[in-house]
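Work through the exercises below with the sequence and the 3D structure open. Try each task before reading its solution.

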Amino acid sequence: MRSQHKTLAAAAVLALTAAASASGQTRPTPQRPARPAVSSDAAEGRRVFDAQCAWCHGNEGDGGMGPNLHGKLHHAASLASIVDIITNGIPGTDMPGFRSPLTERNIRQAAAYVQSLSRTSAPPAAGNAQRGAALYGSTGCAGCHVVDGQGGILGPELTTIGARRGAAYLREALVKPEAAHPPGYLVVRATPVTGPEVRGIRVTEDVFWVHIRDSSGAVHAFQKSELKSLDREIDASLMPSYASRLKDAEVDDLVAYLTTLRGAK
């Protein structure tokens, strides 16, 4: 009889658990997409990747200062093209070549691992891209940034930002823009011998002249011999922080939208 009571009690617990699950009281923990089996080259390549590539592309290839490597790769369509990129880099981008520090075998292994990443989908973004697109418009981002040919030029173009940067980097750029300083956007402050000082983004500079674009978009040309001082603010940014302007969930939404900007569809 005691055994029968235990059996009935266990059945009741299972029934209650099933009912709670069906009513939505328990939610499964989101899981990362399963990775397919990888070759021995890819398995060894992960070690190379963790040592040489994860600093920019993230420990799981999810992106950071470098792009997310899951799904379709922006610059490579085959194993051979991935090998070429790792060997020689991508001119005009932050991606360097690794011909010197890595052997040909290491490069091939790393390429095989990157190819295995490209065959899996990225973890879903924390935010909602549609709400993020609306926030992009309502917060005035287009006043400084271009997307698909529309917008201002004070900040970096964002048409392909989702293919060039990961979500972690994009979030930091929103909440702490001076830490995620984009190349080519050095803030300088020019103080002429006569006239008002100008602070903005350095457009060009040579031995004799400096051109500065201020926050309104106007470009000022200064002859250095007529300046009292020219200060380069290495850790500064003209972009405001959105840490206190947006809620955390709104930052997630804006990041989710930015990750969808990958250029031509």
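Two exercises with worked solutions follow.

The model is predicted: local features need pLDDT of at least 70, side-chain atom pairs count only at pLDDT 80 or more, and totals for chains, interfaces and linings use all residues. Residues are numbered from 1 along each chain as its sequence is written, and side-chain values use heavy atoms, without hydrogens and water.

**Exercise 1.** Find the order of the strands in the open sheet.

Solution. Step 1: strands are DSSP runs (E, at least two residues), and helices are runs of H or I with at least four residues, both numbered from the N terminus. Step 2: two strands pair if DSSP finds at least two bridges between them. Step 3: the five strands follow the order β6-β5-β4-β3-β7, with antiparallel pairing. Step 4: β6 (219–223) and β7 (227–233) are the edge strands, each pairing on one side only. Step 5: six bridges join β3 (residues 187–192) to β7, and Val187 has Glu233 as its bridge partner in β7.

**Exercise 2.** Locate the salt bridge of Asp94 and classify its two residues as buried or partly exposed.

Solution. Step 1: a salt bridge needs a side-chain nitrogen of Lys or Arg within 4 Å of a carboxyl oxygen of Asp or Glu. Step 2: the partner of Asp94 is Arg165, with the closest N and O atoms 2.9 Å apart. Step 3: the two residues lie 71 residues apart in the chain. Step 4: buried means under 20% relative accessible area, exposed over 50%, and partly exposed in between (1.4 Å probe, protein chains only). Step 5: Asp94 is partly exposed at 44%, whereas Arg165 is buried at 9%.
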